[in-house]
Amino acid sequence: MEILWFIGTLLAVAAATLLLLGIRRVRLIRMGGINVALRTHLDNPRGWHLGVARYHGDEFTWYRALSLRNGPNRIIQRDGFEIDDRREPEAQELYGVPNGAIILRCRAELDPPRSKRAFGGPDTVVEIAMTPDALTGFLSWLESAPPGRRLPYAS
């Protein structure tokens, strides 16, 4: 009888975790989020992480899809951020990026980062995969810095 209770408890915890992940994702999407995959370790072709990203002022905040963390996992600051390259996903990358995604190789020159989760540092490189519609919004956000700010080149 104890084994059945233990298995039932494990199943209930697993169901609750899946429910929380689903609620979190729906909440982020409804608050203006877009589906984005992020890769920080470029030497690993299997290093893509799916998530939801949002624009918040001068920050592009990214929330990992399979995380119960309440805050963003990565924060990308607009100033000092540049797009180095744009490409189509390779065959081994198709599993980990949104359908029809375009991959941007980006660099930030933030030293020091503004928060513990901020993306940046001297010549830090990251790849971001997003759909063409999301890319249009991302490029608009990147180029729409207030007057007097240094505008990075967006390809």
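**Note on the predicted model**

1. Residues 6–23 are 100% helix and 0% strand, and their end C-alpha atoms lie 26 Å apart. An unreviewed UniProt entry annotates this span, residues 6–23, as "transmembrane region". UniProt positions follow the numbering used here, with shortened feature names, and annotations may be inferred rather than shown by experiment. Helices (H or I, at least four residues) and strands (E, at least two) are DSSP runs, numbered from the N terminus.

2. Ground rules. The model is predicted: local features need pLDDT of at least 70, side-chain atom pairs count only at pLDDT 80 or more, and totals for chains, interfaces and linings use all residues. Residues are numbered from 1 along each chain as its sequence is written, and side-chain values use heavy atoms, with hydrogens and water left out.

3. Confidence. pLDDT is the predictor's confidence in each residue, from 0 to 100. The protein chain has a mean of 79, and 78% of its residues reach 70 or more. By element, helix α2 (residues 132–143) has the highest mean pLDDT, 90. Strand β7 (residues 118–119) has the lowest, 55.

4. Strand pairing. Two strands pair if DSSP finds at least two bridges between them. Strand β1 (residues 34–39) runs antiparallel to β2, with five bridges. Asparagine 35 has valine 52 of β2 as its bridge partner. β2 also pairs with strand β3 (residues 59–64), again antiparallel, over six bridges. There, alanine 53 faces tryptophan 62 in β3.

5. The β2–β3 turn. These two strands form a hairpin with two residues between them. Glycine 57 sits in the turn and has a positive phi of about 65 degrees.

6. Aromatic pairs. Rings of Phe, Tyr and Trp (its six-membered ring) pair if their centres lie within 6.5 Å; planes under 30 degrees apart count as stacked, over 60 as edge-to-face and the rest as tilted. The whole structure holds six such pairs. One of them is tyrosine 55 with tryptophan 141: tilted, 5.6 Å centre to centre, 35 degrees between the planes. This pair links distant parts of the chain, with tyrosine 55 in strand β2 (residues 49–56) and tryptophan 141 in helix α2, 86 residues apart.

7. Burial of that pair. Buried means under 20% relative accessible area, exposed over 50%, partly exposed in between (1.4 Å probe, protein chains only). Tryptophan 141 counts as buried because its relative accessible area is 7%. Tyrosine 55 is at 28%, so it counts as partly exposed.

8. A second pair. Phenylalanine 138 and tryptophan 141 are also tilted, at 5.8 Å centre to centre and 35 degrees between the planes. They are three residues apart in helix α2, so about one helical turn separates them. Both phenylalanine 138 and tryptophan 141 are buried. One aromatic cluster takes in Tyr55, Phe60, Phe81, Phe138 and Trp141.

9. Nonpolar core. This is a set of buried Ala, Val, Leu, Ile, Met, Phe, Trp, Tyr and Cys residues joined through side-chain atoms within 4.5 Å. The largest has 22 residues; Val36, Phe60, Phe81, Ile128, Met130 and Phe138 touch the most other members. At least two residues each come from β1, β3, β5 (81–87), β6 (102–108), β8 (124–130) and α2. α2 gives the largest share, six residues.

10. Serine 140. This residue is also in helix α2. Its relative accessibility is 43%, so serine 140 counts as partly exposed. The serine 140 side chain reaches the backbone oxygen of threonine 136 at 3.0 Å.

Methods
Polar contact = N/O pair within 3.5 Å; in protein donor to acceptor, adjacent residues only side chain to side chain.
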